[in-house]
Amino acid sequence: MLVLLPPSETKSDGGSGAPLDLADLAMPQLSAVRDKLITELVGLAADPAASAAVLGLGKGADAEIARNASLRTSATRPALARYTGVLYDALDAGSFTNAQRSKAYARLAIGSALFGAVRAADPIPAYRLSGGTKLPGLATLSAVWRDVLPDALYAEAAGELVVDLRSGTYQQLGRVPDAITANVLTEHPDGSRTVVSHFNKHHKGLLARALVVTRADPTDIRAVARVATAAGLRAEIASPTELLIITR
């Protein structure tokens with residue numbers, strides 16, 4: 001099973017790993033596009049005003065631009081420890097046992113505007129680039145990635161079940177046919193349901209955690225729903241490829 005997580009705007013600083021080496025990342029067929037985007041970001045960082053405008057930065061812009069300027073020289077750490085925020089708080093990778101961490105490295109991948117996608121153990125630096133950003137002189141990121149990322153993800157899944165928890169923006173970078181997606185809905189007292197916004201990432205993080213720590217090896221959506229239910233989530237199957245997580 002391959003579980004695809006969304007990235008996050010917020011990332012941890014520092015790391016103890018050597019500087020970025022694209023050869024160390026999973027899905028080496030993405031290396032050429034990765035290298036091209038890194039070169040563009042590093043070059044853009046030489047013009048702080050242009051960087052802030054293109055990347056949509058406000059407060060803290062200098063720190064984010066500095067991250068991009070040092071993409072090829074700064075320390076790395078595993079992607080699972082690099083990304084932070086609501087989903088990653090709920091995933092709570094810091095509490096994994098050694099066995100669970102090994103399973104997380106085997107099962108989790110993370111979408112990325114800069115790298116396309118990385119495995120949870122891949123050593124990456126801190127950076128700033130969102131999926132909706134358009135870099136000067138390049139096509140949209142969805143256009144940049146769509147010719148290479150879908151095939152890379154398909155190959156990485158190696159015929160196993162894919163659970164795609166990425167947001168729409170990152171799914172558009174490279175879709176995986178027949179992947180299971182999850183939508184989080186709030187059920188109101190009158191029975192009506194609405195799409196969850198703020199807590200969407202939280203519940204997807206809980207689902208991702210459940211899929212890591214389970215001893216099961218889900219091969220279809222029914223098995224994924226059982227794992228979610230066993231973890232205390234209310235799960236419903238909306239279609240062969242869509243799981244609903246219902247909150248109150």
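1. Between which strand and which helix does the loop that holds arginine 166 lie? In this predicted model, arginine 166 belongs to the loop that joins strand S6 (162-164) and helix H9 (168-171). Its relative accessibility is 2%, so arginine 166 counts as buried, the cut-off being under 20%.

2. The side chain of arginine 166 reaches the backbone oxygen of tyrosine 170 at 3.0 Å. With neighbours within four places in sequence left aside, arginine 166 is in contact with Leu4, Leu5, Pro6, Gly111, Leu149, Leu153, Gln171, Gly174, Arg175, Val176 and Lys204. As for aspartate 190, which lies 24 residues from arginine 166 along the chain, the C-alpha atoms of these two residues are separated by 30 Å.

3. When residues up to four places away in sequence are not counted, glutamate 187 touches Ser192, Arg193, Arg234, Ile246, Thr247 and Arg248.

4. Turning to helix packing, two packed helices are described by the angle between their axes and the distance between the axes. For helix H6 (residues 98-107) and helix H10 (residues 200-213), the angle is about 110 degrees and the axes are 8 Å apart. H6 and H10 are therefore roughly perpendicular to each other, a term that covers angles of 65 to 115 degrees. Their crossing is right-handed. On the H6 side, the contact is made by Gln100, Lys103, Ala104 and Arg107, and on the H10 side by Leu211, Val212 and Val213. By class, the residues of this contact comprise four nonpolar, one polar and two charged.

5. A further helix pair is formed by helix H2 (residues 48-55) and helix H3 (residues 61-69), which pack at an angle of about 100 degrees with their axes 10 Å apart. This angle makes H2 roughly perpendicular to H3. Helix H2 contributes Pro48, Ser51, Ala52 and Leu55 to the contact, while helix H3 contributes Ala61, Ile65 and Asn68. The residues of the contact of H2 with H3 divide into five nonpolar and two polar, with no charged residue.

How values were computed:
Residues are numbered from 1 along each chain as its sequence is written. This is a predicted model: local features need pLDDT of at least 70, side-chain atom pairs count only at pLDDT 80 or more; totals for chains, interfaces and linings use all residues. Side-chain values use heavy atoms; hydrogens and water are left out. Axes are lines fitted to C-alpha atoms, for helices over the stretch in contact, and angles run from 0 to 180 degrees between N-to-C directions. Helices (H or I, at least four residues) and strands (E, at least two) are DSSP runs, numbered from the N terminus. Angles under 35 degrees count as roughly parallel, over 145 as roughly antiparallel, 65 to 115 as roughly perpendicular and the rest as oblique. A crossing is left-handed if the near helix is turned anticlockwise from the far one by less than a right angle, and right-handed if clockwise. Contact means heavy atoms within 4.5 Å. Ala, Val, Leu, Ile, Met, Phe, Trp, Tyr, Cys and Pro count as nonpolar, Asp, Glu, Lys and Arg as charged, and the others, Gly among them, as polar. Buried means under 20% relative accessible area, exposed over 50%, partly exposed in between (1.4 Å probe, protein chains only). A polar contact is a pair of N or O atoms within 3.5 Å; within protein, one must be able to donate a hydrogen and the other to accept it, and residues adjacent in sequence count only if both atoms are side-chain atoms.
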